[in-house]
Each structure stands twice: as structure tokens, then as C-alpha cells.
Amino acid sequence: MNQPVTHDAFYDLDGDTLHEECGVFGILGHPDAATLTALGLHALQHRGQEAAGIVSFDGTQFHTEKHMGLVGDHYTNPATLAKLPGNMAIGHTRYSTTGEVALRNVQPLFAELEVGGIAVAHNGNFTNGLTLRRQLIAGGAICQSTSDTEVVLHLIARSRYTSTTDRFIDAIRQMEGGYSMLALTRTKLIAARDPTGIRPLVMGELDGKPIFCSETCALDIIGAKFVRDVENGEIIICEIQPDGSIEIDARKSPTAQPERLCLFEYVYFARPDSVVGGRSVYVARKNMGINLAKEAPVEADVVVPVPDGGTPAALGYAQESGIPFEYGIIRNHYVGRTFIEPTQQIRAFGVKLKHSANRAMIEGKRVVLVDDSIVRGTTSLKIVQMIRDAGAAEVHLRVASPMIFHPDFYGIDTPDAEKLLANQYDGVEAMCRYIGADSLQFISINGLYRAVGGEDRNPARPQFTDHYFTGEYPTRLLDKAAETMGRKVSVLASNG
């Protein structure tokens with residue numbers, strides 16, 4: 001079963017990681033709506049770096065600004081924000097998992113409907129989006145993007161309800177998968193979360209005005225107050241009244257299940273200063289390191305994190321084991337995904353472009369290297385070699401998440417199952433030999449559960465979404481069952 005990693009895969013270090021699809025932010029009734037939305041998206045930049053968009057409404061018409069690249073590359077320009085007047089706005093920062101990278105797919109998506117204009121943005125993936133899309137196209141619908149979000153707009157347009165609220169609810173209840181969604185109309189900001197609660201969504205308040213966003217860190221950056229989590233299966237409608245007041249109506253889906261937040265929000269995606277599902281992400285990650293030290297101890301001289309994701313877990317490992325924590329790897333924060341690597345010789349520098357060994361903390365020492373996860377293993381291989389080249393006597397790799405065996409269909413861009421390291425080698429020892437470490441161990445699924453929720457996994461009713469480790473998907477996968485998984489969607493070149 002041991003399969004060699006291809007030459008291209010060895011150097012494709014950007015492919016050896018997990019990517020979240022996006023972050024969303026929306027605010028209603030505030031005079032600085034677009035500016036606050038831009039700041040909120042900046043705090044959510046870690047959730048998607050390909051593109052960002054904002055839609056505002058000024059009482060008369062909607063305004064849209066969409067750009068490829070980072071939030072700070074465009075929305076710090078006062079001239080750009082001046083094009084987004086109004087006291088209500090929603091925004092989106094994107095990493096694509098459904099639909100190609102093109103300006104036409106950048107959210108929020110906007111449509112002028114019989115009931116008025118509406119903009120929508122969502123985090124996650126609909127597992128029946130492509131199935132519904134094919135049905136819509138067969139019925140005469142014309143799709144302008146390859147994003148599954150556009151399906152919601154078509155369903156809203158086709159709904160027979162009279163109000164935008166009822167049409168939105170009618171549409172969203174036909175969708176399956178893991179999602180958090182925001183919609184903006186002429187008077188309303190609507191927030192919705194999937195019935196299983198896979199993707200996070202929080203409600204905040206600033207100057208008495210409602211805010212919805214993917215993580216609490218987006219509230220913190222603008223000085224907003226955290227109100228509560230949007231419940232799984234809940235739809236919250238905030239509407240500006242003629243007198244300027246805002247009425248809030250919350251409705252719970254009859255199909256709501258017990259909440260099962262995505263475990264990778266805690267392992268990797270959410271910012272460590274965020275609170276997700278009432279739990280500090282930083283504390284959860286530190287607990288992962290503590291439990292990892294209990295489950296996988298080793299004689300060593302220094303604990304070194306793989307920055308930045310492995311840092312809290314490494315602190316926990318060091319605290320529990322009594323082994324000193326040191327920054328043995330220094331990260332270069334100024335090299336992004338767009339770095340041009342035109343030749344094999346330059347591409348071979350891959351890891352060193354982003355990480356440098358701190359020889360003074362490594363040379364002659366037995367190193368415990370702590371990382372948050374291993375996807376394909378190509379980055380781990382290079383980092384272990386880098387630590388050895390810096391003079392380490394031993395390198396022991398400890399991973400703060402279990403082995404990843406299964407792909408995701410809820411908004412995480414994972415490789416196909418056969419490309420995951422855990423499926424390419426027979427057991428941990430074979431994986432360890434490939435990576436080149438002296439030892440390799442992963443946290444157990446129960447160790448991860450205890451770190452996040454304080455108790456072991458309940459196999460009869462798992463408390464979290466954990467299919468990437470266990471293969472137990474919390475919803476139907478209709479698009480996957482249809483086999484095409486979007487391969488027949490046409491591609492239109494875009495100047496984005």
C-alpha cells in the first residue's frame with residue numbers, strides 16, 4: 001500500500017495543508033457599515049485569501065465591490081469604501097472549494113428579484129448544491145457562476161412565498177450540508193446556520209446594531225459586543241423599521257439536529273483568540289498538547305512548534321512534559337501563496353521560504369516537533385529534514401490531531417482520499433520512515449474530544465463533526481453520490 005509521492009507533490013507545499021472556504025460578516029443600521037465590514041473581513045482573512053467582496057445598500061440602490069486578493073490590498077483604500085455607501089452591508093472573504101477561482105464567483109452574490117434585490121454570502125459547502133443546480137438548469141435556469149451559492153438565489157427567485165424572508169427560509173431549507181449564510185435585502189439582514197451546526201456563526205452588537213460573523217475575533221477588532229452563537233438550524237431576521245428601529249425575529253428549523261461543530265475549527269481554522277461554540281480556541285489547542293504529552297511522551301531536550309498552528313499545542317506539550325519550549329523554527333510572514341517558484345531548484349527551497357531553523361535552539365538536542373495536523377506529509381518531511389540539517393540529535397514528531405483518512409465536503413478543501421498520507425502508508429511506522437523522523441505519534445480521537453469538549457467521543461451520537469478522522473459524515477452527500485462532483489460544470493474565463 002505504500003505509494004511514493006510524486007515529484008510535483010513533493011514540492012507543492014501549498015497543497016499540503018487544509019483550507020477553509022471563507023468567512024462572512026454583516027451589519028445592519030450602522031452609518032459606517034462598509035468600513036466595519038472591511039475591518040471584520042480583515043480579522044477573518046485567515047479563512048480565505050483568494051478574494052473578498054462587500055455589498056452595501058444606501059436606501060435606494062445596492063453597491064458592490066469585489067476583488068481578487070487580500071482584504072488589505074483593496075479595502076483600506078478610502079476611494080473603494082466610498083463606493084459602498086449606506087448603513088447596511090455584508091462581506092465575504094473566500095478560498096474556493098466549489099467553483100473555479102474567478103471574479104464571477106466572488107461573493108456576496110447579488111440578484112434583482114421580483115421581491116427586490118438580495119445579496120447572499122456563505123461559509124461552507126452545500127452537499128446537494130450541484131444536484132439542485134443540475135435540476136435548475138434542466139428547468140431553464142441560467143447560471144452566471146460556478147458557485148453553489150448561486151443555487152440559493154435561484155431557489156429564492158422560484159419560491160412562491162410573497163416576502164423575501166419566507167422565500168429565503170424556503171430556499172435555505174432545501175439545502176443540505178454545512179453552512180453559515182448571510183443575506184442582505186433593502187431592509188433586512190438575515191443569518192442562517194445549518195441544522196447540524198457544522199460551520200460556526202456568531203451574533204454581536206455595536207452601538208445597538210446587530211452584527212453576524214464567522215468568528216468572535218471579527219467582533220473584537222471593531223469593539224463590538226458578543227451576544228450569542230447563532231444556533232444550529234436557526235434563522236435570524238433583523239429588519240429596519242420605518243422609524244429606524246430594528247426588530248429581530250429568530251426561527252428554528254424543524255429539522256435541526258444536536259449541534260456538531262466541525263472539530264477542525266478548533267484544530268486549525270479558527271483564530272486562536274476566537275471563542276467557538278463557547279470554547280476558547282487557544283485553550284482547546286493547548287489542551288490538545290497536554291493530552292498529546294500524556295499519550296505520546298518521549299525523552300527529549302526541547303519542544304518546538306511548527307508555526308503558527310502548532311504553537312498552542314506545543315506550549316501544552318511542554319507544560320505537561322516539563323520539557324522546555326523554544327521557538328526552534330522562525331516563520332517568515334511575508335511569503336504568501338503567490339510567491340513565484342519558476343524552476344525546480346528554486347522550488348526546492350519551498351519550506352525555507354516560509355520557515356527557517358533556529359540553529360541555536362536545535363543543534364545537538366533531542367527535539368519534539370509539534371504540529372497541528374498532517375495532510376499529505378510533504379511539508380512535514382521537509383521540516384524534519386530542515387531540523388536535522390540544523391544539527392538536531394533526534395527529531396520526534398507529535399501531531400495534535402488524529403490521522404486524516406477521509407476528504408471533507410462541508411467547506412474544507414482536502415485532497416482526495418488516496419492523496420492523504422494516512423492512506424498511502426500502512427501504519428504510523430511506515431509514515432514515520434517516509435517523513436524521516438525518529439518517532440511519530442498522533443493524538444487519539446478521544447484525546448482530541450477531551451481537549452475540546454471535556455469528554456470522550458460518544459460513538460452513538462458524536463458531539464462534533466469528525467468524519468475526516470472517522471469516516472462518519474453527519475449529513476447525506478448527494479453530490480458525491482452523483483459521482484460527477486462538479487466536473488461537468490462549464491468554465492468561463494474571467495479577468496479575475
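Visitor: How many helices and strands does the protein chain have?
Guide: The protein chain has 19 helices and 23 strands. Keep in mind that this is a predicted model.

Visitor: And what share of the residues is buried?
Guide: Of the 496 residues in the chain, 56% are buried.

Visitor: What about contacts between residues 24 or more positions apart?
Guide: They account for 69% of the chain's contacts with a separation of 6 or more.

Visitor: Which residue does the "active site" annotation cover?
Guide: Cys 22, according to an unreviewed UniProt entry.

Visitor: Where does Cys 22 lie?
Guide: In strand S2, which covers residues 22–28.

Visitor: Is Cys 22 buried or exposed?
Guide: Buried. Its relative accessible area is 0%, and the cut-off for buried is under 20%.

Visitor: What is Cys 22 in contact with, leaving aside neighbours within four places in sequence?
Guide: Arg 47 and Ser 214, plus two runs of residues.

Visitor: New topic. How do the axes of H9 and H10 cross?
Guide: At roughly 45°, and they come within 6 Å. H9 spans residues 281–295, and H10 spans 311–321. The two helices are therefore oblique to each other.

Visitor: Left-handed or right-handed crossing?
Guide: H9 passes H10 in a right-handed crossing.

Visitor: Which residues meet there?
Guide: From H9, they include Tyr 282, Arg 285, Ile 290 and Leu 292. From H10, they include Pro 312, Leu 315, Tyr 317 and Glu 320.

Visitor: What is that contact like by class?
Guide: The contact of H9 with H10 has 8 nonpolar, 4 polar and 4 charged residues.

Terms used. Residues are numbered from 1 along each chain as its sequence is written. This is a predicted model: local features need pLDDT of at least 70, side-chain atom pairs count only at pLDDT 80 or more; totals for chains, interfaces and linings use all residues. Side-chain values use heavy atoms; hydrogens and water are left out. UniProt positions are given in the numbering used here, feature names are shortened, and annotations may be inferred rather than shown by experiment. Helices (H or I, at least four residues) and strands (E, at least two) are DSSP runs, numbered from the N terminus. Buried means under 20% relative accessible area, exposed over 50%, partly exposed in between (1.4 Å probe, protein chains only). Contact means heavy atoms within 4.5 Å. Axes are lines fitted to C-alpha atoms, for helices over the stretch in contact, and angles run from 0 to 180 degrees between N-to-C directions. Angles under 35 degrees count as roughly parallel, over 145 as roughly antiparallel, 65 to 115 as roughly perpendicular and the rest as oblique. A crossing is left-handed if the near helix is turned anticlockwise from the far one by less than a right angle, and right-handed if clockwise. Ala, Val, Leu, Ile, Met, Phe, Trp, Tyr, Cys and Pro count as nonpolar, Asp, Glu, Lys and Arg as charged, and the others, Gly among them, as polar.
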